[in-house]
Structures are given as C-alpha cells and as structure tokens.
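The following exercises concern the fold and overall dimensions of a single chain. Each task is followed by a solution in steps.

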Amino acid sequence: MSKAPKVVGFKEISFWQEDGIGVIAILTGEDGMVTMNFFDEFLRAITLAITDEKVRSLVITGTNDTFFKGVRNLDNSTVKAYLELTSATASFLSTMDKPIISLVNGNALDLGVELALLSDVIISKKGALLEVSGNYDPVMGFSVSSLKYSFFKSGEAEEKSNCDIIMEGEDFLDKASVYITKLGNPGLNLLRRNRLKDIRNVLSTEREYFLLKSL
C-alpha cells in the first residue's frame, strides 16, 4: 500500500484509491492531533468512497507512527460544531455499505480509538496503543461501539480485546494490504450496521452528557 500522497484540496487527510481499496490517511501533526477542518475533509472522502463503484472497501489509517489522537484547540466556541461533526462522522460510518478497515499504524488515543471502533476490522501494528483516558468523554458512540469486544481493554494492542489482528514489522502496511485484498466482503457491513443500529440514540446521550460536563 502506498504511503500517503498529497492530494489537492485536502490538508488534514490524504485520500486515494488503490486496487479497489479507498484509503484515507489522517495527516496529524507531531502531537497526533488535527484541526476542526479534518471532519469536513473526512466526510468528503467518505462520500467519494461511497459513490465510487471502483472502491470496494475503505481503509482508515494514520501517518508517522500515529493513528489519531483528537482535535486540538477545542474550546467552548467550537464545542457545538465539534459535537455535530463527530456525530455526522459516526453516523456515516455506521451505515456505510462497504467494508471499513482501520489500520492502527501507531498510537490511537480517545477520539482515535472511537474512530477505529466504528470499522469492521481493526488491524493494529504490534506495540501500538489503543488507549482511552480516564477523563475522556465519548462523542462518537463508544458506549456501543466498544461492545465489539466482550471487554474492551484500554492499552497496548491485544487481539480480541481492542483489535482484531496484530501485525509486526516495518512492512505493516504492505502486510495489511495483502490481508485486506483477500478479505473480500463477507457481510461485514451488515454485521456493523446491526451492531451499531442504536448509535443515533447513543450519540444523543453522549452529546447531552458532554454538554452537561462542559457547562
């Protein structure tokens, strides 16, 4: 799988299609964070993946040994937009009719973990962290998406506890690409839609709780 190419019109992500796989690479800063503009670009890329018949599945990954950690400079003036955009993103992903695979190429924190949990399959690089802070307030359906595993374990990648598959080595992306190509579409999207069928209610509850704590 190619490393993230530059794409005109995108600054927070890179998006391309390769061998029937639509790839969204999150271009975080050194802090592993993005700006609010990320959501607009991410939703545009999802729309392209949904409408492009050549794209049979969607891959979400990070760059520079970081998957995704959150949004920087979040304050009272941006909270409403933040909640609207995170809810829209979760809703889009929960109902997408194509398989979604998250390649956790490096550490994922809080919002990054929530994003990964909305996919059908989480493939993690050995040693990567999928960590939810004790003071983190979920906004993308963690209350139900974490039930993907019988008991979600916050911390280092562990199969069947916070990811589905762990892969080693410098060629992590290449190994994952081979696996995804062979994966096909064994009804993964239907399983996800059933698993997340109540996500709109969950998002509403999480939103109310987030606002209550913010106030």
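Two strands pair if DSSP finds at least two bridges between them. The model examined here is predicted.

**Exercise 1.** Determine the strand order of the open sheet and identify its edge strands.

*Solution.* Step 1: the open sheet is formed by 4 strands, and their order is β5-β8-β10-β11. Step 2: the pairing within this sheet is mixed. Step 3: β5 (66-68) and β11 (155-156) each pair on one side only, and these are the edge strands.

**Exercise 2.** Describe how β10 is joined to β11, and state the bridge partner of L129.

*Solution.* Step 1: strand β10 covers residues 129-131. Step 2: 2 bridges join β10 to β11; the criterion for pairing is at least two bridges. Step 3: the two strands run antiparallel. Step 4: the bridge partner of L129 in β11 is E156.

**Exercise 3.** State what share of the residues in the chain is buried, and what share of the contacts with a separation of 6 or more joins residues 24 or more positions apart.

*Solution.* Step 1: buried residues, under 20% relative accessible area, make up 52% of the 215 residues. Step 2: residues 24 or more positions apart account for 71% of the contacts with a separation of 6 or more.

Definitions and conventions. Residues are numbered from 1 along each chain as its sequence is written. This is a predicted model: local features need pLDDT of at least 70, side-chain atom pairs count only at pLDDT 80 or more; totals for chains, interfaces and linings use all residues. Side-chain values use heavy atoms; hydrogens and water are left out. Buried means under 20% relative accessible area, exposed over 50%, partly exposed in between (1.4 Å probe, protein chains only). Contact means heavy atoms within 4.5 Å.
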